Amino acid sequence: MVDDVTPGSIGKGLPLEGADLTVTSKEFTEQLILGAIMGIAFQAAGADVLDRTGIQGSIGAREAVKSGDADGMYEYTGTAWITYQGNSEPIDDPREQWAAVRKADLKNGLTWLAPASLNNTYALAMNQANFKKYGTKTLSDVAALSKSDPGAVTLCVESEFANRADGLPGMEKAYGMSVPAKNITQMDTGIIYTQVKKGSCTYGEVFTTDGRIKSMNLVVMADDRKFFPNYNAAPAINSKALKKWPAIAEVLDPVTKKLDNTVAQELNAKVDVDGQDPHQVALDWMKKEGFVKEK
């Protein structure tokens, strides 16, 4: 990374001067932005940063940090708890979920720093016309509608969501919902949003921090039984790197604290709706918040 940044409210005294740090991320928009945010923060604190953001799939980026090929990334608590650590039941309280993940990952050579309130979990959403027609506000309402008017509940979902325990099968079980296979269409993430907006399906699987929810004026169903896990973003840092450069925590903490769903939706929309570059979006936000200054 070659951003000409100097300390703003973070990185004063250049506590990471002399450090060579590699940041990584998965390949989707929010991850590219978060990876860039981490790298820009490290640069402002004096580190030389290698950009390895955009690794395909969840496992690859995590393995890079575990092995020491990368030093840090923003990861999601629910993904670690369910996918990597093999638990089937999420922990309802977000802070307890993070603490459990942190404790379990210490033995894997990973240290989780303080989490953001940003919670990129699953949800079902519908367009305004269908909301006016059916008036559902919660997943319990959707379950009731699936019983009273089975044809009304059509779903657009990703193939992964259709098969994951923390996706559609688990949601149907938790809410006593049974949607016939003919009412479920599997498709790529981006297409789901446009299909829901058009009304091709009544409900689409969305991510709660996606900028297209706001730009397309979609209505998100509340998960009133708290079925979906908390997917709070937090820095997952290679423990050896953190031991060598403990200032990593103080550099990232104030930035992580600022990250919530509103911020994530705005930043994600700049990329997914306005077509801006994820790295530039991250840099603009870091400057706007006063975390860094440009030389």
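Colleague: Where is Gln-85 found?

Modeller: Bear in mind that this is a predicted model. In it, Gln-85 sits in the loop between H3 and H4.

Colleague: How far apart in space are Gln-85 and Val-263?

Modeller: In sequence, 178 residues separate Gln-85 and Val-263. In space, C-alpha to C-alpha, the separation is 29 Å.

Colleague: Are H3 and H4 oblique or perpendicular?

Modeller: H3 covers residues 77–84 and H4 covers residues 94–106. Their axes lie 9 Å apart, at an angle of about 55 degrees. Roughly perpendicular needs 65 to 115 degrees, and roughly parallel needs under 35. H3 is therefore, relative to H4, oblique.

Colleague: In what kind of crossing does H3 pass H4?

Modeller: Both helices contribute to the crossing point. The handedness of H3 passing H4 is left-handed.

Colleague: How many charged residues has the contact of H3 with H4?

Modeller: H3 brings Thr-77, Ala-80 and Trp-81. H4 brings Gln-97, Trp-98, Ala-100 and Val-101. By class, 5 are nonpolar and 2 are polar, and the count of charged residues is no residue: none.

Colleague: How are H1 and H13 set to each other?

Modeller: The axes of H1 and H13 are 9 Å apart, and the angle is about 110 degrees. Angles of 65 to 115 degrees count as roughly perpendicular. H1 and H13 are therefore roughly perpendicular.

Colleague: How do the residues of the contact of H1 with H13 divide into nonpolar, polar and charged?

Modeller: From H1 come Thr-29, Glu-30, Ile-33 and Ile-37. They meet Ala-264, Leu-267, Asn-268, Val-271 and Asp-272 of H13. The division is 5 nonpolar, 2 polar and 2 charged.

Colleague: Which helix gives the most to the lining of the largest cavity?

Modeller: The count is 1 cavity of 30 Å³ or more. The largest cavity holds about 50 Å³. Two helices, H1 and H13, each supply at least two of its lining residues. With 4 residues, the top contributor to that lining is H1.

Colleague: How many charged residues are in the lining of the largest cavity?

Modeller: The lining is made by Glu-30, Ile-33, Leu-34, Ile-37, Leu-118, Leu-259, Ala-264, Leu-267 and Asn-268. Of these, 7 are nonpolar and 1 is polar. The number of charged residues in this lining is 1.

Colleague: Which elements give two or more residues to the lining of the largest pocket?

Modeller: The largest pocket has about 590 Å³ of space. Its lining has 22 residues, and Phe-28, Asn-120, Glu-158, Glu-160 and Phe-207 are the closest to the centre. The elements giving two or more residues are helix H1 (29–44) and helix H13 (261–272).

Colleague: Which helix gives the most to the lining of the second largest pocket?

Modeller: This second largest pocket has about 260 Å³ of space. It is lined by 14 residues, with Ser-88, Glu-89, Pro-90, Ala-165 and Phe-227 nearest its centre. By class, that lining has 6 nonpolar, 2 polar and 6 charged residues. With 3 residues, from the stretch 168–175, the helix that gives the most is H8.

Terms used
Residues are numbered from 1 along each chain as its sequence is written. This is a predicted model: local features need pLDDT of at least 70, side-chain atom pairs count only at pLDDT 80 or more; totals for chains, interfaces and linings use all residues. Side-chain values use heavy atoms; hydrogens and water are left out. Axes are lines fitted to C-alpha atoms, for helices over the stretch in contact, and angles run from 0 to 180 degrees between N-to-C directions. Angles under 35 degrees count as roughly parallel, over 145 as roughly antiparallel, 65 to 115 as roughly perpendicular and the rest as oblique. A crossing is left-handed if the near helix is turned anticlockwise from the far one by less than a right angle, and right-handed if clockwise. Contact means heavy atoms within 4.5 Å. Ala, Val, Leu, Ile, Met, Phe, Trp, Tyr, Cys and Pro count as nonpolar, Asp, Glu, Lys and Arg as charged, and the others, Gly among them, as polar. On a 1 Å grid over the protein atoms alone, a cavity is a set of points where a 1.4 Å probe fits but cannot get out, and a pocket is an open set with protein on both sides within 12 Å along at least five of seven lines; lining residues have an atom within 4 Å of a point. Grid points are joined across faces, edges and corners, and a volume is the space filled by probe spheres set on the points.
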